[in-house]
Amino acid sequence: MHTLSFIVLLVMAGNAEAASDGFSKEKCPSGVSIVGAGPPKGLERHCARSNGQKDGPEAIWYPNKRVKEHGYWREGQKTGLWESWYENGEHKSSCEFQSGREDGLCQTWFPTGSLQNSANFRGGL
């Protein structure tokens, strides 16, 4: 699954500041364009259709160039694994999505790195 390769790329970077181009292996779907830029030129990069609908990978960075959030959009809805981090680099959240709703394991962590919550969802419930 292409979402997994995108995630592995960023996780292997250890949420590193080096993840300036989270799109190097992940491409936008056919007919979709890259919008924005990763560090050092920008702090948000995603794929979007001409009508503005997101479709493909998205990555957002903090000003310190650490990854803030990344995931994948399919026709304007979150799909697959979405992850976020605190500015200090600690994992903030990890959640599976299907058709824009939580669907699977969702976890959140405190800024110190301790697990805060873990729950399994089906269709957002």
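Analyst: The structure holds one aromatic pair, where rings of Phe, Tyr and Trp (for Trp the six-membered ring) pair if their centres lie within 6.5 Å, and planes under 30 degrees apart count as stacked, over 60 as edge-to-face and the rest as tilted. The two partners are W73 and W82, whose ring centres are 5.3 Å apart and whose planes stand at 80°, so the pair is edge-to-face. This is a predicted model, in which local features need pLDDT of at least 70 and side-chain atom pairs count only at pLDDT 80 or more, while totals for chains, interfaces and linings use all residues. Residues are numbered from 1 along each chain as its sequence is written, and side-chain values use heavy atoms, with hydrogens and water left out.

Both W73 and W82 are buried, a word that stands for under 20% relative accessible area, with exposed meaning over 50% and partly exposed in between (1.4 Å probe, protein chains only). The charged end of K78 sits over the ring of W82, 4.5 Å from its centre; for this, NZ of Lys or CZ of Arg must be within 6 Å of the ring centre and within 35 degrees of the ring normal. W73 and W82 also belong to the largest nonpolar core, which has five residues and includes C95, F97 and C106 as well; such a core is a set of buried Ala, Val, Leu, Ile, Met, Phe, Trp, Tyr and Cys residues joined through side-chain atoms within 4.5 Å.

Leaving aside neighbours within four places in sequence, F97 is in contact with K78, T79, G80, W82, E102 and D103. T79, one of these, lies in strand 5 (residues 77–85), where helices (H or I, at least four residues) and strands (E, at least two) are DSSP runs, numbered from the N terminus. T79 counts as buried because its relative accessibility is 8%, and, not counting residues up to four places away in sequence, T79 touches Y72, W73, R74, F97 and Q98. S94, in strand 6, is likewise buried, with a relative accessible area of 11%, and beyond its neighbours within four places in sequence S94 is in contact with L81, W82, E83, L105, C106, Q107 and W109.

Eight strands form an open sheet in the order 1-2-3-4-5-6-7-8, with antiparallel pairing, and two strands pair if DSSP finds at least two bridges between them. Strand 1 (33–37) and strand 8 (115–121) stand at the edges with a single partner strand each, so one side of each is left without a neighbour in the sheet. As one example of pairing, four bridges join strand 2 (residues 44–48) to strand 3 (residues 54–61), which run antiparallel, and the bridge partner of R45 in strand 3 is A59.

S99 has a positive phi of about 55° although it is not a glycine, and at 46% relative accessibility S99 counts as partly exposed.

Methods:
Contact = heavy atoms within 4.5 Å.
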